[in-house]
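Please look through the structure below with the following description at hand.

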Amino acid sequence: MRRFLAPLLTLFLVVSLGPSGKAADSDNVIKFGASLALTGGLASEGRLVKDGYDWMVRTINDRGGLTVGGKKYRVEIVYYDDASDAATAVRLTTKLLDEDHVNFLLGPYGSGATFATSSVAEKYQIPMVDAHGASNTIYTRGYKYIFAVLNSVDQYPTPMLKLAVEQKPKPQTVAFIREDTLFANLGIEAGAKQAADLGLKVVYNEKYPSGTKDFSTIIAAIRAQKPDVLIAGGYQGDMIVITRQIRENNLDLKELGFLLGPTVRGYVETLGGLAEGTLEPTQWDANMNWHDQLFKMSSEQFAADFQKKYGYAPDYHGPQSAAALEVFYNAIRVAKTLDPAKVRDAIASSTFESFYGPIKFNELGVNVGKGMACIQIQHGKPVVVYPPKYAEAKAVYPLPH
Amino acid sequence: MEIVQAVFNGILIGGFYASMAMGFSIVWGVMNIINLAHGSLIIIGAYITYELVSRFGLDPFVTIPFAALALFAIGYALQRYLINRVLQASLFATLVLTFGLDRVLVNANLQIFSADVRGVTPPYAGAALVLGDLRLPWIRIAVFAVAILSTLLLWLLLEKTRLGTAIKALSFDRDAAQLVGIDPKHLYALTFGLGSALAGIAGALVATISSFSPVIGDGLAMRSFVVVVLGGLGSVPGAIAGGTILGVVENLMSIIAPAYRDAAAFGLLVLVLAIRPQGLFGRRFYAEI
């Protein structure tokens, strides 16, 4: 009995662990593949991304799917969990193409994994539209099959710096601190350059190694330079500690911004009043009120529908992920085929407005249709304060004490 | 002036490092177990504090005994029913077991608490003792005091009580200890429970001065390792000295070149290993490194 039981159990395990939701008639399904951080350090964000992808799958299928060559197709995503590890993401992406034979690829979460898996897409010449690879280095390798719906990280500091120089009296000096990682390095290096162009003096610009848990002395060193503005970039947990230690160490700032942090779950809850007045660039906000040409809905309507289905108001992760799949939806309709090369060309010449914003790719594959806005935490909630066109409230300046 | 501030910051964080490392050190010293799950035990302590503060509005420092007691119980049970089984096997077996245990705890924490980053900020977070240009946040001073006090209590327990004598006897000669009526299984479990209780205290302190999520335990275990090797195995003064040295070196590097603070800390570790392999206060009759 035991001899039969073991293979049987193995078979059962393989079947039950395999990708869920296999269609009965696989001919009528367009299969997308995505390796996502569903466990590990990036699991919180990974799950937000999955909800965004899933929302779009439901929406497309609810509206009758896609018709290609007179045949109706449903849309389906095969997910694997890369446990927040880029090397695993590469292995799983290869598996998606070799074993699951997915038609197209959706991006993983984060710049590291996107950078790594885009090489697989390029090698197999399968288009990948990613929603969460913000590092510009992903797009400057001459790859033809990688596209990004989001603004790259070099544009993150821009709205925070522009907001600063429009204040009266105008701040004179700016300090930068960042974790020594790809994302933060690119964002802050670009920020330092933009700050100089905007007439701000950069008085401090250093990096710290990943895993640093105490910033007291770094903040004391920044304090000695007396900057008006501080912009920090790195892991969200570090941003919480930095915000708290700015207060502990009495660093007096007029503006405090982060590449990311204040809108991530846990920041406001942990810091309470200390979070007031902090800035973060945002790719999207329901208030921006774009109008989707394909699904005929505004950003606000998208947000309402998303909240109904997933039980929380989406931040930018959800719509940004959904938009990546919408790019495929649009391109397949235009190309009228599932041929990867033809769909790729159709993606490259996309021009449409989605609930996430205008989509138009430059020659590198980066969406240049939309710019970034910037939010500020006011009374515990993020509100858009820049650019003035979308502002929900006036920016609080200087930073309250 | 910045240098003086950096040295004080280093000493304050060094006390925390010492308490974190002491739990790791006693388990290693007495049972020759390099407990790779130490970081995850600290994180559990941090969640206990976080939950008590956010649900019942307790002051984070009031939660410390709860974190310590809960972790003592968890640690006792883990050693009694799990780790004791491989204690007579090679060091490699305990390494694999504690590594596996760590993975289980990390993923259990992720399931229960999610990967969201947490921390607690008491209302007095910004208050500080100001001495001229020197600024010492009260919360840091309190964390330092708790850390040093708990480490010293453990030292008193080991040096001045019958229990401590029995634990030491067991670590020197298991057979002889059994001959005089010491129950190794119970005593090993007590020792692991004490180490875990210190991890619980360190966790409560992490939640108060820093931020945490289930996946940052590895970094804490790594720092504990450095402190123990610097200071010497099983030695309380060693843990305090090792923690202080690590804290001061890290903070001095934060002025000179923050990007190299880890390089400096681990460089120091290599240096100590080369010159004085038993650590600054290490005694040879504790388990060999």
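The paragraphs below take up each topic in turn.

This is a predicted model, and the predictor gives the complex an ipTM of 0.86 and a pTM of 0.81. Chain A has a mean pLDDT of 90, with 93% of its residues at 70 or more. Among the elements of chain A, helix α1 (residues 2–17) of chain A has the lowest mean pLDDT, 47, while strand β4 (residues 104–106) of chain A has the highest, 98. The pLDDT is below 50 over residues 7–26 of chain A, and this stretch has seven contacts in the model beyond near neighbours in sequence. Where pLDDT is low, the predicted coordinates should not be read in detail. Chain B also averages a pLDDT of 90, and 98% of the residues score at least 70. In chain B, the lowest confidence is found in helix α7 (residues 174–179) of chain B, with a mean of 88. Helix α3 (residues 64–81) of chain B stands at the other end, with the highest value of 97.

Chain A is divided into two parts, each built from two segments of the sequence. Domain 1 of chain A takes residues 22–151 and 288–360, and domain 2 of chain A takes 155–282 and 373–390. The C-alpha centres of domain 1 of chain A and domain 2 of chain A are 30 Å apart. Where these domains touch, eleven residues of domain 1 of chain A are in contact with nine residues of domain 2 of chain A. The side of domain 1 of chain A that touches domain 2 of chain A consists of three nonpolar, seven polar and one charged residues.

Next come the strands of chain A. Six strands of chain A form an open sheet in the order β2-β3-β1-β4-β5-β6, with mixed pairing. At the edges are β2 (66–68) and β6 (146–148) of chain A, each of which pairs on one side only. Neighbouring strands of this sheet are turned against each other by 30 degrees on average, direction ignored. Strand β5 (residues 128–130) of chain A pairs with β6(A) in the parallel sense, over three bridges. A:Met128 has A:Ile146 in β6(A) as its bridge partner.

Another pairing in chain A is antiparallel: strand β14 (residues 351–354) of chain A and strand β15 (residues 357–360) of chain A are joined over four bridges. A hairpin through two residues connects β14(A) to β15(A), and A:Phe352 stands opposite A:Ile359 in β15(A).

Turning to helices, is helix α5 (residues 157–165) of chain A mostly covered or mostly uncovered? It is mostly covered, as seven of its nine residues are buried. The buried residues of α5(A) are A:Pro157, A:Thr158, A:Pro159, A:Met160, A:Leu161, A:Leu163 and A:Ala164. They pack against one helix, α6 (182–197) of chain A, and against the strands β9 (229–233), β10 (255–258), β11 (279–282), β16 (373–378) and β17 (381–386) of chain A.

Helix α10 (residues 299–310) of chain A contains A:Ala303. Why does A:Ala303 count as buried? A:Ala303 is buried because 21 other C-beta atoms lie within 10 Å, and the cut-off for a buried residue is 20 or more. Apart from its neighbours within four places in sequence, A:Ala303 is in contact with A:Ala286, A:Ala313 and A:Pro314. The C-alpha atoms of A:Ala303 and A:Gly318 are separated by 9.0 Å, and these residues are 15 places apart along the chain.

Chain B has a hairpin of its own. Strand β1 (residues 128–131) of chain B and strand β2 (residues 134–137) of chain B run antiparallel and are joined by four bridges. B:Leu129 stands opposite B:Leu136 in β2(B). Two residues lie between β1(B) and β2(B), and B:Gly132 in the turn has a positive phi of about 65 degrees.

The last topic is the contact between the chains. It takes 35 residues from chain A and 33 residues from chain B. On the side of chain A that touches chain B, the elements giving two or more residues are α2 (43–62), β8 (201–208), α7 (216–224), α8 (236–248) and α9 (267–271) of chain A. The most comes from α8(A), with seven residues. By class, this side of chain A has eleven nonpolar, 15 polar and nine charged residues.

Key:
Residues are numbered from 1 along each chain as its sequence is written. Chains are lettered from A and ligands numbered from 1 in the order in which they are written. This is a predicted model: local features need pLDDT of at least 70, side-chain atom pairs count only at pLDDT 80 or more; totals for chains, interfaces and linings use all residues. pLDDT is the predictor's confidence in each residue, from 0 to 100. Two residues are in contact if their C-beta atoms, placed from the backbone, lie within 7 Å. Ala, Val, Leu, Ile, Met, Phe, Trp, Tyr, Cys and Pro count as nonpolar, Asp, Glu, Lys and Arg as charged, and the others, Gly among them, as polar. Two strands pair if DSSP finds at least two bridges between them. Axes are lines fitted to C-alpha atoms, for helices over the stretch in contact, and angles run from 0 to 180 degrees between N-to-C directions. A residue is buried if 20 or more other C-beta atoms lie within 10 Å of its own, exposed if 12 or fewer, and partly exposed in between; C-beta atoms are placed from the backbone. Domain bounds come from an automatic or database domain assignment.
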